[in-house]
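Work through the exercises below with the structure open. Each task is followed by a stepwise solution.

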Amino acid sequence: MKFTSMTKMVGATVGVALLMGTSAMAKDIRGWNIHVEDYPVSHGMEAFVAEIAEKTGGDITGKVFHGGVLGSQPDAIEQLRLGALDFGVFSLGPMGQAVPEANVVSLPFIFKSVPQMYELMDGAAGEAIGAGMEAKGIKALGYYDAGARSFYNSIKPVNTPADVEGMKVRVMNNDLFVGMIESLGGNATPMAFAEVYQSIKTGVVDGAENNPPSYESTNHFEVAGFYSMSEHLIIPECLCMSLKTWESFTPEEQEIVAAAAKASTDLQRELWQAREAASMEKVVAGGVEVNTIADKGPFQAAMKPVYEQYLAANPEMADLVNLISSAD
Ligand code: BDP
């Protein structure tokens, strides 16, 4: 293309943008998602970009890359910090490796229930964790629901901590989870989400732990047919943006993005409830043996050292731990 025609084209684009009263350059943002397309997180993210495109009159458009095609979660968190990725939905589990405040929600049994988690994450705890993320280059826009995580394996139902003894359990990438499994006498293997199915199938690990929608959508239930409702971790997820991307927006655009995040969070939480029930139905229909654990006390007691180790290494987090664990 000749220089003159290019100049004209650029001139025309700027002209149109000025006429519309918007910024001169349209922005296209890329979003990372580990889940399949039909998943509450995925629908929440699609609604988020759709609303932004609509409200900015196409000034900011976005594309969500589902199924982890943009890389593993720990890598994606680093890319987000650098601004190589614009946004994504991240579990605060792996986020804890980069952001010490986020680790607080990875302490077993720290929340008493999912509704209590919402309340705290929409309030003081969410603010403190968000500030921690911001210091690491990540803007927290809202917290998604990820229910509670429970153990599943291919060998037997888990009813007591002793049942985990000697078991090879896959965990998310975070030292806290290694400590958690070790506190029960099991062998923890940190591993990328995408590798878990094959690893259970081939016996590299005996099982893992996750919420019902993830257990179901990954087909882990096909290879690990015992699901024991320990509900030991209630880890929220964050609809997060790279601080670099956030700061590239005008105040008006930031307002639109924040409102879209709020709407997407509300939608995701609603979809989550329905999917949790549907996933449980599907795994039971698929032959999974589900057992509830009436007394979770022995698990809580066995996992106590995880708190002690965490607080010894991060004494400055004591207030935040207290804030959550002493809440009603
Ligand atoms: C799912 C989370 C996802 C994690 C996954 C895991 O939504 O972010 O990567 O667990 O166990 O529940 O790796």
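## Exercise 1: Placing the ligand

Domain 1 (29–146 + 235–277) and domain 2 (149–234 + 287–325) both give residues to the shell around the ligand, so the ligand lies between them. The model is a predicted one.

Task: List the residues that surround the ligand, and sort the shell by class.

Solution.
- Step 1. Ile34, Gln73, Ser91, Ala146, Met172, Phe193, Asn210, Asn211, Ser214 and Glu237 surround the ligand.
- Step 2. Sorted by class, the shell has four nonpolar, five polar and one charged residues.
- Step 3. Compare with the domain bounds: 29–146 + 235–277 for domain 1, and 149–234 + 287–325 for domain 2. Both domains contribute to the shell, so the ligand sits between them.

## Exercise 2: The domain contact

Task: How far apart are the C-alpha centres of domain 1 and domain 2, and how many residues does each domain bring to the contact?

Solution.
- Step 1. The separation of the two C-alpha centres is 23 Å.
- Step 2. Domain 1 brings 34 residues to the contact, and domain 2 brings 29 residues.
- Step 3. Now take the side of domain 1 that touches domain 2. Helix 3 (73–82), helix 4 (92–95), helix 5 (114–121), helix 6 (124–135) and helix 12 supply at least two residues each.
- Step 4. That side of domain 1 comprises 21 nonpolar, ten polar and three charged residues.

## Exercise 3: Helix 2 on helix 12

Task: Describe how helix 2 and helix 12 pack, giving angle, axis distance and handedness.

Solution.
- Step 1. Helix 2 spans residues 40–55 and helix 12 spans residues 251–285; they pack at about 155 degrees, with axes 8 Å apart.
- Step 2. Angles over 145 degrees count as roughly antiparallel. Helix 2 and helix 12 are therefore roughly antiparallel.
- Step 3. The crossing of helix 2 past helix 12 is right-handed.
- Step 4. Contact residues of helix 2 include Pro40, Phe48 and Lys55; those of helix 12 include Ile256, Leu267 and Arg275.
- Step 5. By class, this contact of helix 2 with helix 12 holds 14 nonpolar, four polar and three charged residues.

## Exercise 4: Helix 6 on helix 15

Task: Find the relative direction of helix 6 and helix 15, then say which residues meet.

Solution.
- Step 1. Helix 6 packs on helix 15 (residues 318–325) at an angle of about 150 degrees, and the axes are 10 Å apart.
- Step 2. This angle makes the pair, helix 6 and helix 15, roughly antiparallel.
- Step 3. Helix 6 and helix 15 cross in a left-handed way.
- Step 4. From helix 6, Ala124, Ala125 and Ala128 meet Leu320, Leu323 and Ile324 of helix 15.
- Step 5. The class count for helix 6 with helix 15 is six nonpolar, no polar and no charged.

## Exercise 5: Helix 7 on helix 14

Task: Is the crossing of helix 7 and helix 14 left-handed or right-handed, and which residues make the contact?

Solution.
- Step 1. Helix 7 (residues 175–182) and helix 14 (residues 304–313) pack at about 145 degrees, their axes 8 Å apart.
- Step 2. Helix 7 crosses helix 14 in the right-handed sense.
- Step 3. Leu176, Gly179 and Met180 of helix 7 make the contact with Val306, Gln309 and Tyr310 of helix 14.
- Step 4. Helix 7 and helix 14 make this contact with four nonpolar, two polar and no charged residues.

Methods:
Residues are numbered from 1 along each chain as its sequence is written. This is a predicted model: local features need pLDDT of at least 70, side-chain atom pairs count only at pLDDT 80 or more; totals for chains, interfaces and linings use all residues. Axes are lines fitted to C-alpha atoms, for helices over the stretch in contact, and angles run from 0 to 180 degrees between N-to-C directions. Helices (H or I, at least four residues) and strands (E, at least two) are DSSP runs, numbered from the N terminus. Angles under 35 degrees count as roughly parallel, over 145 as roughly antiparallel, 65 to 115 as roughly perpendicular and the rest as oblique. A crossing is left-handed if the near helix is turned anticlockwise from the far one by less than a right angle, and right-handed if clockwise. Two residues are in contact if their C-beta atoms, placed from the backbone, lie within 7 Å. Ala, Val, Leu, Ile, Met, Phe, Trp, Tyr, Cys and Pro count as nonpolar, Asp, Glu, Lys and Arg as charged, and the others, Gly among them, as polar. A residue is near a molecule or strand if its C-beta atom, placed from the backbone, lies within 6 Å of it. Domain bounds come from an automatic or database domain assignment.
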